[in-house]
Amino acid sequence: MRRILLILLVSIQATLLYAQKEADLVQYVKPNIGSAHSRYFFYTPAAVPFGMAKLAPSTNGSEGNRSGWEAVGYDDRHRSIEGFANFHEFQIGGVLFAATVGKLKTVPGKLQEKNSGYRSSFDKADEYATAGYYRVLLKDYQIKAELTATERVGFHQYTFPETDSANVIFDIGHKLGESGPVLDAEVTYDGQHVWGYVVTKPVYVQKYQEKANVTMYFYAELDRIPVSYGAFIDSTQFNGLKTIKGKGAGMYLRFKTKKGDQIGIKTGLSYTSVENAKANLVKEASGLNFEKAKVKAIQNWNHSLGRIEVKGGLVQDRVKFYTGLFHALLGRGLANDVNGAYPKNDGSIGQIPLLKNGKLLHNHYNTDAIWGAFWNLTQLWAIAYPEYYNDWVQSQLLVYKDAGWLGDGIANSKYVSGVGTNFTGLAIAAAYNVGIRNYDVPLAYAAVRKNELEAKDRIPGAGKLDVGVFVAKGYSPFVKDQSGNPELNTHGSPFGASHTLEYSFSSFAAAQFAHAVHQPEDYKQLMKLSEGWKLLYDPGTKFIRPKDSLGKFLDRFNPFESWRGFQEGNAWQYTFYVPHAPEELVGMLGKETFSRRLDSIFTISQQNLFGGGKHIDAFAGIEGLYNHGNQPNLHVSWLFHYAGRPDLSQKWVRAICNEFYGTDGIHGYGYGQDEDQGQLGAWYVLAAMGLFDVKGLTAPEPSFLIGAPLFESVRIKLPKDIQKKDFLIQVSEQDPNHPYIQSGKLNGKNLTGLKLKFEDLRKGGVLELVLGGQAKSLNTVSRNK
């Protein structure tokens with residue numbers, strides 16, 4: 001007996017020691033940062049990394065999203081909540097629950113109209129949000145609402161006052177977030193369960209795959225039986241009705257409660273069927289109550305965030321870091337069920353194979369466009385979440401197998417190409433390039449090749465509809481848009497110059513893939529295409545300049561002008577968009593001219609907070625010299641390395657981290673600029689670690705430029721079955737006023753250049769850096785190729 005007690009004590013001590021090792025990193029996650037004027041999918045605190053169930057309060061999600069990308073959902077400046085939505089994804093939103101007391105209302109009401117609909121006012125002092133958990137007091141009803149989640153199950157808990165009219169509303173048939181108009185909905189109640197679906201037509205689906213729809217399913221289990229129930233269509237109520245179908249459909253349940261009574265709802269979610277939503281609920285939530293689910297969600301976040309553990313530095317920088325990492329792990333969530341069922345592009349249900357151990361071969365995910373993500377998300381995935389990166393590739397290949405083309409963005413496998421280009425091929429090539437290869441490589445190469453070179457029968461959802469003329473001419477000509485859908489032009493593009501730069505970059509990435517899999521003819525052709533940017537370089541102005549279909553530069557050239565040849569930017573910004581050949585760009589301009597021009601750009605842009613200033617708008621800064629709030633600019637501050645001035649990169653990267661990024665609701669990611677499912681957050685994470693690759697991991701020998709970390713130590717620690725040894729960055733003389741690297745060592749050997757091979761990071765080891773307040777000359781990457 002004493003031996004058994006001793007073993008138990010040792011086991012308990014070991015468990016406690018392990019628990020102590022798992023750092024409480026959730027304390028630094030503040031989801032409300034930057035949530036003013038944010039996209040629908042941005043604010044979803046009650047979720048787990050890469051999950052399907054993403055729960056959040058909605059302040060104006062029901063009020064329309066005409067273009068499909070406007071800022072709706074939750075806004076930190078708003079002071080009323082219409083309810084709590086379960087689905088938040090790019091072009092996907094719906095299944096909203098609400099709790100009220102008193103007279104039953106079955107429409108959400110308007111944000112600017114007090115006491116309209118079932119919405120309630122709230123005070124910011126009564127709201128709390130972190131990674132995995134949300135809480136707020138609905139002031140008008142004195143109801144405490146709490147949210148948490150597992151991967152595919154949303155948990156709601158409502159604590160009521162004493163009343164004989166406690167209402168729980170299931171609003172299924174109304175438009176929400178980026179979902180587009182509702183085509184149909186159905187909801188049914190029986191006993192302690194409510195289930196149903198909603199069919200929507202998102203704006204981007206309408207544009208790129210006109211006949212397709214997006215459907216969301218749910219199966220909810222309540223822990224109490226109501227005293228009465230009914231259904232509704234908009235504001236018309238049908239007491240005692242158990243099922244209803246049509247736009248505006250919903251269900252309500254009414255309860256009698258004592259003060260402090262809680263009503264809990266567990267909701268299985270699915271994109272394939274109600275039956276699979278129920279299966280997800282049973283698999284993930286059986287035996288879980290709200291509190292257990294909350295603890296599990298927070299543990300999940302601590303574990304995932306803990307793959308990059310930073311220590312020291314300013315507390316506000318740790319808040320920016322882990323909140324940014326939270327957003328990077330939040331977007332692009334699960335689209336398959338626990339049994340492997342997933343929504344196919346044609347609307348049918350596909351099946352992901354099961355392994356012998358019962359686990360799925362991989363998961364499938366929804367995803368925003370990958371535009372610009374090679375300067376943030378894919379680098380972060382490669383460093384710390386390679387198994388997710390592999391699954392992301394598998395997701396893209398599922399769509400390719402099902403529909404014949406890679407998709408830039410996918411919503412339930414439907415094509416939702418955001419900007420009409422397609423960098424999926426580049427991202428797949430980069431994954432292969434860094435050793436992430438647990439998929440059908442020949443299929444992956446075929447998909448990448450087709451994406452870069454083929455135009456015949458290319459569908460709108462594949463993007464790059466002008467790739468045929470690019471392949472033929474080496475550049476995409478500027479053509480005026482006459483259709484109102486500029487992304488769908490085939491003989492050129494109103495964004496021909498930026499497309500040329502982008503396609504040149506992705507051709508380079510695909511060429512490396514071709515070389516690796518022994519396709520010499522493809523390699524030769526792709527490498528030739530990667531030089532297309534040179535055709536648009538104007539030596540007279542030293543700018544990238546659009547050309548027409550005859551090969552002539554456009555007249556009336558104004559390098560500040562956006563949208564004429566350049567998508568979401570201008571010539572000042574896009575001239576630096578040669579990430580695969582920055583050495584050549586520097587050579588064309590000359591090192592001194594390059595550094596002087598770029599330094600002056602940042603000096604002037606600093607006055608405008610490196611973006612749109614304090615103007616709250618997603619497109620603020622597009623006509624400026626530099627715009628950190630948008631993808632085409634995100635590599636530019638690191639380009640000084642290639643002109644022999646890494647000190648200027650260190651200076652300006654630090655300034656951007658300090659000034660563009662903030663810690664409040666309005667000043668978070670610029671002022672109301674578009675964070676794009678974790679892209680700006682991931683950029684901060686990389687910059688704060690002091691690692692960045694201008695070439696997006698596409699070079700023959702992928703590597704990171706080394707910058708000055710914001711912390712005393714950065715430890716990258718993956719599960720041992722993924723990476724056996726940790727990689728540690730140790731920083732001496734770390735200080736907010738020390739942005740400059742003085743010296744460094746890798747595994748005890750002096751650095752000969754500010755470059756870290758990806759292979760060395762993956763092996764594990766120690767990078768030691770000494771920082772200081774004065775710039776110091778150090779051998780640069782341009783002399784250490």
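Predicted model: local features only at pLDDT ≥ 70, side-chain atom pairs only at ≥ 80, totals over all residues.

Student: Why is H7 called oblique to H8?

Tutor: Helix H7, residues 386–403, and helix H8, residues 424–433, pack at an angle of about 135°, with their axes 10 Å apart. An angle over 145 degrees would count as roughly antiparallel and one of 65 to 115 as roughly perpendicular, with the rest oblique, and therefore H7 is oblique to H8. The crossing of these two helices, H7 and H8, is left-handed.

Student: Which residues of H7 and H8 meet?

Tutor: From H7 come Tyr389, Trp392, Val393, Gln396 and Leu397, and they meet Thr424, Ala427, Ile428, Ala430 and Ala431 in H8. By class, the residues of the contact of H7 with H8 divide into 8 nonpolar, 2 polar and no charged.

Student: What makes H8 a mostly covered helix?

Tutor: Of its 10 residues, 10 are buried, where buried means under 20% relative accessible area. They are Thr424, Gly425, Leu426, Ala427, Ile428, Ala429, Ala430, Ala431, Tyr432 and Asn433. These buried residues of H8 pack against helix H6 (377–384), H7, helix H9 (441–453) and helix H11 (496–516). Just after H8, Gly435 takes a positive phi of about 90°.

Student: Why is H9 called oblique to H12?

Tutor: The axes of H9 and helix H12, the latter spanning residues 520–529, come within 12 Å and cross at roughly 40°. The label roughly parallel is kept for angles under 35 degrees, and roughly perpendicular begins at 65, so H9 is oblique to H12. H9 passes H12 in a left-handed crossing. In this contact Tyr445, Arg449, Glu452 and Leu453 of H9 are joined with Asp522, Gln525, Leu526 and Leu529 of H12, and the contact of H9 with H12 has 4 nonpolar, 1 polar and 3 charged residues by class.

Student: How do you know that Ser498 is buried?

Tutor: Ser498, which is found in helix H11, has 0% relative accessibility, and because buried means under 20%, Ser498 counts as buried. Leaving aside neighbours within four places in sequence, Ser498 is in contact with Gly565, Phe566, Gln567 and Tyr574.

Student: Why is Val586 counted as buried?

Tutor: Val586 is found in helix H14, residues 582–589, and its relative accessible area of 2% is set against a limit of under 20%, so Val586 is buried. Not counting residues up to four places away in sequence, Val586 touches Lys591, Phe594, Tyr642 and Ala643. The C-alpha atoms of Val586 and Phe640 are separated by 9.2 Å, while the two residues are 54 residues apart along the chain.

Student: What makes the phi of Arg332 and that of Lys464 worth a remark?

Tutor: Most residues other than glycine have a negative phi. Arg332, although it is not a glycine, has a positive phi of about 60°, and Lys464, which is not a glycine either, has a positive phi of about 50°. Arg332 lies in the loop between helix H5 (315–330) and strand E20 (341–343), whereas Lys464 is found in the loop between H9 and helix H10 (467–473).

Student: Are Arg332 and Lys464 buried or exposed?

Tutor: Arg332 has a relative accessible area of 1%, which is under the 20% limit, and is therefore buried. Lys464, with a relative accessible area of 0%, is buried by that cut-off.

Student: How do you know that Gly173 is buried?

Tutor: Gly173 lies in the loop between strand E10 (163–171) and strand E11 (182–190), and its relative accessible area of 4% is under 20%, so Gly173 is buried. Apart from neighbours within four places in sequence, Gly173 is in contact with Val182, Ala185, Val198, Lys247, Gly248 and Ala249. Gly173 and Tyr197 are 24 residues apart in sequence and 8.4 Å apart in space, C-alpha to C-alpha.

Student: Which domain features does UniProt place on this chain, and what do their spans contain?

Tutor: In an unreviewed entry, UniProt places "domain: Glycosyl hydrolase family 92 N-terminal" at residues 28–270, and over residues 28–270 the chain is 2% helix and 47% strand, with end C-alpha atoms 31 Å apart. UniProt also lists residues 276–772 for "domain: Glycosyl hydrolase family", again from an unreviewed entry; residues 276–772 are 38% helix and 12% strand, and the end C-alpha atoms lie 57 Å apart.

Conventions: Residues numbered from 1 in each chain as written. Heavy atoms only, no water. Axes fitted to C-alpha atoms, helices over the stretch in contact; angles between N-to-C directions. Helix = DSSP H or I, 4+ residues; strand = E, 2+ residues; numbered from the N terminus. Left-handed = near helix turned anticlockwise from the far one by under 90°. Contact = heavy atoms within 4.5 Å. Nonpolar A, V, L, I, M, F, W, Y, C, P; charged D, E, K, R; others polar. Buried < 20%, exposed > 50% of the residue type's maximum accessible area, 1.4 Å probe, protein only. UniProt positions renumbered as here; feature names shortened; annotations may be inferred.
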